[in-house]
Amino acid sequence: MINKYFKVLRSGTHTTFQDKGFINLQHLGITTSGVVDNELAFIANSLVNNNIYAPIIEFAYQGPRLKLIKGSCRFAISGNVNFNIIKNNKTIIGKTNQTYKLEEGEILDILSTIKSNYGYFAIEGSFKIKKEFNSNSTLTNSKIGSNNGNCLKENQKIYFTKSGSNYNSYININQRKIDKFIRVVSGPQMNFFMLKVIKKFFNNSFIVSNITNRVGVRLEGNIIKSIKSHNIASEGITKGAIQIPANGNPIILLNDHPTIGGYPKIANVILADVYKIAQYPIGTKFSFKKVNLDEAENILFEKEKNLRKILNQIKIL
Amino acid sequence: MFKHIYQINEQAFIIDFGSIINTEINDIVINYHNYILSNIDKIKSLGIKNCVPSYNKILIQFDPFLKNKSKILKYLNSIKIKDINNIKNNKIIKIPICYDEEYAIDLNDVSKKTKLSKNQIIDIHLNTIFHVFMIGFMPGLPFLGILDKKLSVLRKSSPRVNVEKGSVAIADKMCVIYPNNSPGGWNIIGKTPLDLFNKNKKNPLLIQPGNKVQFHLINKKDFHLYDK
């Protein structure tokens, strides 16, 4: 069978293959990685009839410009994204949350994410990539995973096997509202902080600094100091943890976080809200709101139920 | 065996073995972790996604959607010391190190801070048999302890943007080896030519938690013999 492939004309800011991530490897120092915004990835994959965790291309800020050199494909883009399809020198402005068919020689140009950081590009039948540690995710800071652990690079080829079907599908969903609060549960070292500092943490707002990436998000604008040590005996960590380093500017861990951490953790972003903080553009002002663990779990299960409902609303065009 | 277990978020428990850091407690932590990891059927059926040992804690990450927290807790509580204490793994791994000034870029600084000569520092470092407390931060990075008090220095106030692969560095009571190029704030006193992490091997780690590590001196010429 002849391999069908795209050529990367422009790689974009940080474009990687992702799936559900690396499982049961954190004790080797390999962190989970995987798609940052599950919901968007599930939508794009579902639109092209893939398993929700099929390998997908995640892009941040500026996306890739891809030329379909061989074959045809049906694709979908999710997120708040500006993109064009170039057919016979004609530019078509693309819409997210619906599929398109791309023919040989045509170009997909993912220009940028809008008021958000991450978007997703899925193709029917998914991409033909080599797994590492049983995952199609890419952990670029450790050079592990798909694409030899690297971001997409200019001129590389992206292979796939399935020709695109001749129908398109879509899903009607409202553009997300940008909430200005992030819900958290208490962190395991909340007692490292005085009551008035904890109040300051919740009452004053934070700003997303210019350091926001797949490893984590650094905050500014509300210095939080611990009364005890700035260090703890390093321990295993998960995404969403809010670490307070000595300078007092919190760091929220995301998918490519180090596997263990030695900073006290004042709080933990609830799983249902982790994608929100990841998607906040630089400079976003927001504040934290405390919930208890039971509430956090219920919010998570409710969100999951809603997502299933959304995914069941895919219609044929 | 452990003090208590607490939930830290919707997807993780911490098993707390107390606040003391020593090799005895860490051995229990490692063996408890190895026991859980060896029981793959249980990991799968309970939806355990990660089991991460550190000095005196284990993080258990689970799939929250399976809604079986109580089953996981029951399992973790059912593991008895007699189940785990027969697994021993304290063989000594010999790691070549070169202290040439090209690699040991913070050795002068450490010498000033500790008021020891470079040779004294090297002697102490070579004569220490380290315990591997854990692997983490990045793939394959071992945390080695416990460093002689005389060599205790703080982390650098401003971390380096890039520490070279193989660099051996110290801070506080610990010594680490960077398995790959990485940002890092520890004081670099030498370099090893060995690969600590090989992703193509079934077990990618050269050094396992619970192993003992002793460094042995090589010169710059020997160092280059290890190059492929």
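Quick housekeeping before that. This is a predicted model, so local features need pLDDT of at least 70 and side-chain atom pairs count only at pLDDT 80 or more, while totals for chains, interfaces and linings use all residues. Residues are numbered from 1 along each chain as its sequence is written, and chains are lettered from A and ligands numbered from 1 in the order in which they are written.

So, chain A. It splits into domain 1, residues 4-170, and domain 2, residues 181-308; those bounds come from an automatic or database domain assignment. The C-alpha centres of these two domains of chain A sit 29 Å apart. Where they meet, domain 1 of chain A puts in 18 residues and domain 2 of chain A puts in 15. By contact I mean C-beta atoms, placed from the backbone, within 7 Å.

Which element gives the most to the domain 1 side in chain A? That's helix 1, residues 38-47, with 3 residues. Helices here are DSSP runs of H or I, at least four residues, and strands are runs of E, at least two, numbered from the N terminus. By class, that domain 1 side has 4 nonpolar, 11 polar and 3 charged residues. For the classes, Ala, Val, Leu, Ile, Met, Phe, Trp, Tyr, Cys and Pro are nonpolar, Asp, Glu, Lys and Arg are charged, and the others, Gly among them, are polar.

Over to chain B, with domain 1 at 4-84 and domain 2 at 92-225. Here 7 residues of domain 1 of chain B contact 5 of domain 2 of chain B, and helix 1 of chain B, residues 23-38, brings the largest share of the domain 1 side, 4 residues.

Last bit, the chains together. On this interface, 35 residues of chain B touch 29 of chain A. Strand 3 of chain B supplies the largest share of the chain B side, 5 residues. That side has 20 nonpolar, 11 polar and 4 charged residues.

Notes:
Two residues are in contact if their C-beta atoms, placed from the backbone, lie within 7 Å.
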